[in-house]
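Work through the exercises below with the model open beside you. Try each task before you read its solution.

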Amino acid sequence: MDLKYLCEKYKLNDTEKSILNYLYRNISNLKKIGIRKVAKDNYTSTTTVYKLCKKLNFEGYSDMIYHFTYSNQINDIETNIDIYTNTNKQIENNLEAFRKLIKKYENKLIMFVSTGISQTIANYMNERLSINGYRSIANAHLQLLTKEQKDEVLIFAISSSGETKSLIEIIEQAKQNHIEVISFVGNANSKIAKISTLPIIIQGKNEFSKLKNPPDTFFSELILIFECFMSEISI
C-alpha cells in the first residue's frame with residue numbers, strides 16, 4: 001500500500017489520511033477489523049469510512065479491505081521471491097564460460113548424464129542441441145570416459161541434489177581423465193558442483209522458502225537458463 005501515492009492522487013483530507021494510516025498499521029489483521037471499529041478508533045463515523053472507500057473507487061468496505069490485504073500479500077511475495085534474480089545471475093556469471101566450452105566442442109561429442117526425472121530434461125536438451133547442429137547423446141556411455149577421449153567429449157550433468165551417487169562416479173572418472181563437465185545442480189556445496197568444470201547453480205526453490213508449500217522450480221529454471229544460453233550461441 002503506497003500511502004503517499006493514495007493521499008496525493010485522491011486528495012485525501014486529514015481524517016481520511018488518518019483512516020488510511022490506521023489500516024496500514026493494522027494491515028496484517030484487517031480481515032478481523034470491522035468498519036465500526038475503524039470508525040471508533042479514528043473518532044469518526046462509519047459513513048466517513050464508507051465515503052473513503054467510494055473515494056478510492058472501491059465498492060465498499062469489504063472490497064477495500066480485500067484489496068489492501070491481497071496487495072500486501074503480493075508485495076510480501078515479491079519481496080521474498082525473485083526467482084529471476086538468481087536466474088539472471090547464473091546467466092550473466094556463466095554465459096561466457098558456457099559459450100567457450102560449447103565452442104571448443106562444437107565439432108566433438110556432448111554426452112548427457114542424468115537419472116530419474118532429470119533424464120526427461122536431458123532428452124529435451126539433447127534434442128535442442130541436435131537441432132542446432134551439435135553432436136550429442138542423451139545417455140551415458142562409460143567407454144567414452146577414457147583418457148583417449150580427452151578433448152573429444154564434453155559432459156552435461158543434471159542433478160537437483162548434486163549428490164547423485166551414480167553421477168558422481170561418472171564425473172569423477174571423467175575428471176581423472178581430464179574430460180570437462182558442465183553441471184546443472186541445485187546445491188552449490190554439493191559433490192557434483194565441486195568437481196565440475198563449470199557448475200551452474202539453480203536455487204530457485206530457495207527463493208520461495210517462506211511459502212507454506214514452496215514449489216520445486218529446479219527443472220523449469222534449468223530449462224530457462226539453458227534456453228537463454230542457446231539463444232546466445234551459434235555454430
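This is a predicted model: local features need pLDDT of at least 70, side-chain atom pairs count only at pLDDT 80 or more; totals for chains, interfaces and linings use all residues.

Residues are numbered from 1 along each chain as its sequence is written, and side-chain values use heavy atoms, with hydrogens and water left out.

**Exercise 1. Strand β4**

Find out how many residues of strand β4 are buried, and which strands pair with β4.

Solution. 
- Step 1: Locate β4 at residues 181-185. Helices (H or I, at least four residues) and strands (E, at least two) are DSSP runs, numbered from the N terminus.
- Step 2: Check burial. Buried means under 20% relative accessible area, exposed over 50%, and partly exposed in between (1.4 Å probe, protein chains only). In β4, 5 of its 5 residues are buried.
- Step 3: Sort the directions. In a regular strand the side chains alternate between the two faces of the sheet. Val181, Ser183 and Val185 point one way from β4, while Ile182 and Phe184 point the other way.
- Step 4: Look for partners. Two strands pair if DSSP finds at least two bridges between them. Strand β3 (residues 153-159) runs parallel to β4, joined by 5 bridges. Strand β5 (residues 198-201) also runs parallel to β4, with 4 bridges.
- Step 5: Pick out single bridges. Ser159 has Val185 of β4 as its partner. Phe184 is bridged to Ile200 in β5.

**Exercise 2. Helix α7**

Determine which residues of α7 are buried and what they pack against.

Solution. 
- Step 1: Helix α7 covers residues 117-131.
- Step 2: Its buried residues are Ser118, Gln119, Ile121, Ala122, Met125, Asn126 and Leu129. They cover an arc of only 155° around the axis (taken from the directions from the helix axis to the C-beta atoms), so they lie on the same side of α7.
- Step 3: Turn to the other side of α7, where Ile117, Thr120 and Ile131 are exposed.
- Step 4: List the neighbours. With contact meaning heavy atoms within 4.5 Å, the buried residues of α7 pack against β1 (109-113), β2 (135-137), β3, β4 and α11 (218-232).
- Step 5: See what follows. After α7 comes Gly133, with a positive phi near 95°.

Definitions and conventions. The expected span of a helix is 1.5 Å times one less than its number of residues.
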